[in-house]
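Hello,

Please read it with the structure open beside you.

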Amino acid sequence: MIASLWQYVLSGVVDGAIFALVAAGFVLIYQVTGLINFAQGEFAMIGAMTAASLATAGMPILPAAGLAMLAAAVVGALFYLLAIRPARAATGVTLIFITLGLDVALRGLALFVWGTNPLSLGAFSSGNAIQLFGGALPPQAMWVLGSDVIVFAALYLFFRHTYAGTAVRAAVANPPIASTFGIPLRTFAFWSFVVAAAIGGLGGVMIAPITSATYDMGLTLGLAGFVAAVLGGLDSLPGALVGGFVLGIVEHVAGGLWSTGWEQGVGFLILVLVLVLRPQGLLGRAARRA
Amino acid sequence: MTLRFSSVAYGPIGLALVAFVAVVVWFVPSYYTGLLTLIGLYALVTIGLNLFMGYAGQVSLGQAAFFGVGAYTSATFALRAHITPWIGMILGALVAALVAYALSFVALRLRENLLALATLALGIVINVVFNQWDFIGGSSGLKDIPGFTIGSYTFDQRAYAILAWALVAAGVWFAGNLVRSSFGRSLIAISVGELGAQALGVHAERLKRQTFVLSAVYAGAAGAVYASQASYIDPTSFNFLLSVNFVLMSVIGGLRSLWGAVIGATVVVALGQILQNVVPLVLPSARGDFQSFFLGIILIAMLILLPRGITSRLSEARRA
């Protein structure tokens with residue numbers, strides 16, 4: 001009983017690390033633009049599908065992963081330039097609907113490009129499962145956790161130790177005043193979409209060897225990312241990391257002890273509880289008007 | 001602006017629409033009659049959604065779940081307790097209302113971004129329940145759902161179309177009276193600014209809750225008719241994509257317009273049919289939910305180019 005519980009926790013950690021990547025994208029865009037990007041999960045789908053089809057065509061895994069992130073970043077850039085920027089005068093609800101439209105459109109586009117069949121992507125490295133206190137982690141787990149470390153460390157260094165990062169934080173804290181100091185808000189908004197899409201794409205690449213890649217994987221993954229982001233606090237990057245792991249572990253433990261069909265339900269139950277009891281999330285600052 | 005167009009008499013036009021449908025169904029193939037029914041039922045859901053989103057200024061991305069609750073309630077009562085769909089329709093609306101009432105204590109504390117997220121999540125949780133609860137069919141759904149009857153006459157496709165549009169007429173008439181009453185003006189006040197509305201003595205929380213529940217009543221009744229008309233339902237009939245479709249109908253017709261709901265439902269269903277037939281000719285590889293690509297693009301384009309919907313253009317034209 002305890003042994004299998006521990007195994008659920010380990011599996012949850014792997015999923016959680018991926019949720020954290022998707023959540024990081026939400027938080028980035030939300031911090032910089034105040035917008036919840038409902039299409040975030042589709043960036044992960046594009047990453048996964050691109051990497052899987054390139055790898056199937058014979059490309060080595062690492063360049064394929066890099067190109068997949070690039071593809072997601074390009075989609076993020078185009079989305080900002082073609083849909084968000086022209087509508088920048090719009091109110092919150094209109095922008096929500098626009099990102100919702102993109103979510104649906106990207107899923108339809110993926111159907112055109114890749115069809116309904118799942119694509120598989122081989123594990124990044126072969127080798128035996130890693131034994132840890134009687135539980136097992138797949139070799140892929142090291143890649144997933146490693147990319148979490150790199151992404152979150154890079155974001156931390158950028159925001160805390162670079163001039164541009166400080167400028168972004170100023171823009172988040174007070175957009176009008178930051179703007180009078182010559183901080184280019186729109187440029188930052190653009191880059192937040194690009195970077196969020198690339199990170200989301202990386203999340204997709206990482207999960208593809210575990211679940212295989214399908215055109216409709218974005219919704220589930222995106223929703224898990226939302227829950228993780230809200231759980232940790234929408235305005236907190238460390239929160240995204242914590243929220244991702246908590247969600248991954250809770251989903252797997254609940255799914256293992258109860259039934260896997262309820263996994264998603266449990267995730268949303270957490271979301272609802274957080275929204276009611278602590279809308280700012282575990283690590284977020286006092287509730288911002290959202 | 002939008003009020004001008006919607007000040008057209010709701011009752012008479014609604015009745016004229018029912019009469020039109022009642023004539024048309026005798027001259028078109030039953031496939032199109034079925035589509036007409038679908039348009040009517042979707043329009044009904046969208047009317048309710050427009051009250052909540054357009055007038056009260058809120059957002060719901062989970063309306064398909066209420067449609068599903070209505071469908072499952074009526075179908076389950078009909079199959080398990082042999083209760084006629086006429087009662088089932090009322091029970092469907094009632095259960096959807098109860099679910100909305102319970103959820104409102106969670107959802108309506110939130111606004112915009114988080115409200116959108118919460119309704120989306122609740123919609124998916126309800127879909128998980130449809131999938132997991134074996135009593136109501138689980139993932140394989142319910143089949144052979146009894147149809148509506150009058151005496152010994154069992155409804156055919158024509159009768160369903162007339163029933164659906166009679167409900168639309170009643171729904172538009174009721175909603176029309178509502179939005180022209182102080183209730184409707186209070187909703188608009190809430191959409192402009194909740195704090196300001198409260199300062200003027202509008203009980204914002206209660207009105208939002210009542211509107212949310214009312215939107216679920218519309219969706220639940222429509223869902224109940226849908227279950228009997230389709231005679232088969234499963235959880236995929238009420239998924240997230242359908243909720244997005246309702247939003248699209250709302251946006252296309254114009255959020256703050258009741259006829260806009262009818263126009264939006266017509267456009268979206270017709271568009272879906274055209275895409276389904278035309279796209280495979282151009283791109284033979286297209287299959288599955290590929291229409292969602294176009295629906296998404298249209299949604300984005302509408303919001304950028306015509307954010308207040310088709311009816312806003314019509315009312316401008318009337319003024320000119």
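In chain B, helix α11 (residues 240–253) packs with helix α13 (residues 291–305) at an angle of about 35 degrees, and their axes are 10 Å apart. Helices (H or I, at least four residues) and strands (E, at least two) are DSSP runs, numbered from the N terminus, while axes are lines fitted to C-alpha atoms, for helices over the stretch in contact, and angles run from 0 to 180 degrees between N-to-C directions. α11(B) passes α13(B) in a left-handed crossing, a term used if the near helix is turned anticlockwise from the far one by less than a right angle. From α11(B), the residues L241(B), N245(B), L248(B), V251(B) and I252(B) meet S292(B), L295(B), L299(B), M302(B) and L303(B) of α13(B), where contact means that the C-beta atoms of two residues, placed from the backbone, lie within 7 Å. Sorted by class, this contact of α11(B) with α13(B) has 8 nonpolar, 2 polar and no charged residues; Ala, Val, Leu, Ile, Met, Phe, Trp, Tyr, Cys and Pro count as nonpolar, Asp, Glu, Lys and Arg as charged, and the others, Gly among them, as polar.

Please keep in mind that this is a predicted model, in which local features need pLDDT of at least 70, side-chain atom pairs count only at pLDDT 80 or more, and totals for chains, interfaces and linings use all residues. Residues are numbered from 1 along each chain as its sequence is written, and chains are lettered from A and ligands numbered from 1 in the order in which they are written.

Chain B as a whole has 14 helices and 4 strands. Its radius of gyration is 19 Å, close to the 20 Å that the globule rule gives for 320 residues, so chain B is as compact as a globular protein of that length; the radius is taken over C-alpha atoms, and the rule is 2.2 Å times the number of residues to the power 0.38. Of the 320 residues of chain B, 55% count as buried, which requires 20 or more other C-beta atoms within 10 Å of a residue's own, whereas 12 or fewer make it exposed and anything in between partly exposed. One residue to look up is A169(B), which lies in helix α7 (residues 157–179) of chain B and is buried, with 23 other C-beta atoms within 10 Å. Leaving aside residues up to four places away in sequence, A169(B) touches G14(B), L15(B), L17(B) and V18(B).

Chain A comes to 11 helices and 2 strands, and 54% of its 290 residues count as buried.

Where the chains meet, 38 residues of chain A are in contact with 41 residues of chain B. On the chain A side, α4, α9 (217–232) and α11 (263–277) each supply at least two residues, and the largest share, 16 residues, comes from α4(A). By class, that side has 28 nonpolar, 9 polar and 1 charged residues. A90(A), in the loop between α3 (61–84) and α4 (92–114) of chain A, is partly exposed, with 16 other C-beta atoms within 10 Å. Not counting residues up to four places away in sequence, A90(A) touches L95(A), L303(B) and P307(B), and L303(B) is also one of the α13(B) residues that α11(B) meets.

With best wishes
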